[in-house]
Amino acid sequence: MKKIGKHIFWIIQLIASLILTYSVYKLLPMKYLILVILVLAVLLGLIIFMQLSNKTNKVVKIGSKVLAIILSILMIFVNVKVINKAQETIDKISNGNI
């Protein structure tokens, strides 16, 4: 359990990133989707490096955990609010209701 607690912040960010990527996959063209995946991967890699590196001090590790939580909350918010609204609009247009 102690090992999982050490990795829980970047695991949550990874799950939020995967869910956001799947949601955006249905809406964006491939060139923008690759950019989104690249940005999410760089952010995740940076967070993992800061949390697991032995050379970083305690302040950086705590800051990276806070950053991981903030990024995860933002990704979940974007997924729930913006992506779902865009998907509803596309469904309405494609069904001929509007």
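Buried here means under 20% relative accessible area. Keep that cut-off in mind as you click through this predicted model.

**Stop 1: Ser-64.** Select Ser-64, which you'll find in helix 3. Is Ser-64 buried or exposed? Its relative accessible area is 0%, so Ser-64 counts as buried. Now show what surrounds it: leaving out residues up to four places away in sequence, Ser-64 touches Ile-47, Met-50 and Gln-51.

**Stop 2: helix 2 against helix 3.** Color both helices. How do their axes cross? They come within 8 Å of each other, at an angle of roughly 150°. That angle makes helix 2 roughly antiparallel to helix 3. Turn the view and you can check the handedness too: helix 2 passes helix 3 in a left-handed crossing.

Next, bring up the side chains.

**Stop 3: the cores.** Clear the selection and pick Ala-16, Leu-20, Val-24, Leu-33, Leu-40, Leu-71, Met-75 and Ile-83. These 8 residues make up the largest nonpolar core. Which elements give two or more residues to this core? They are helix 1 (2-25), helix 2 (30-52) and helix 3 (58-95). Apart from that core lies another, of 5 residues, including Trp-10, Leu-44, Ile-47 and Ala-68. As a general point, nonpolar side chains in soluble globular proteins tend to be buried together.

Zoom in on Ala-16 while you're here. Beyond residues up to four places away in sequence, Ala-16 touches Ser-72, Met-75 and Ile-76.

**Stop 4: Asn-79.** Finish back in helix 3, at Asn-79. Asn-79 has a relative accessible area of 13%, so Asn-79 is buried. What does Asn-79 touch, not counting residues up to four places away in sequence? The list is Ile-19, Leu-20, Ser-23 and Asn-84; Leu-20 you've already met in the largest nonpolar core.

One last thing to draw is a distance line back to where you started. Asn-79 and Ser-64 are 15 residues apart along the chain, and their C-alpha atoms are separated by 22 Å.

Conventions: Residues are numbered from 1 along each chain as its sequence is written. This is a predicted model: local features need pLDDT of at least 70, side-chain atom pairs count only at pLDDT 80 or more; totals for chains, interfaces and linings use all residues. Side-chain values use heavy atoms; hydrogens and water are left out. A nonpolar core is a set of buried Ala, Val, Leu, Ile, Met, Phe, Trp, Tyr and Cys residues joined through side-chain atoms within 4.5 Å. Buried means under 20% relative accessible area, exposed over 50%, partly exposed in between (1.4 Å probe, protein chains only). Helices (H or I, at least four residues) and strands (E, at least two) are DSSP runs, numbered from the N terminus. Contact means heavy atoms within 4.5 Å. Axes are lines fitted to C-alpha atoms, for helices over the stretch in contact, and angles run from 0 to 180 degrees between N-to-C directions. Angles under 35 degrees count as roughly parallel, over 145 as roughly antiparallel, 65 to 115 as roughly perpendicular and the rest as oblique. A crossing is left-handed if the near helix is turned anticlockwise from the far one by less than a right angle, and right-handed if clockwise.
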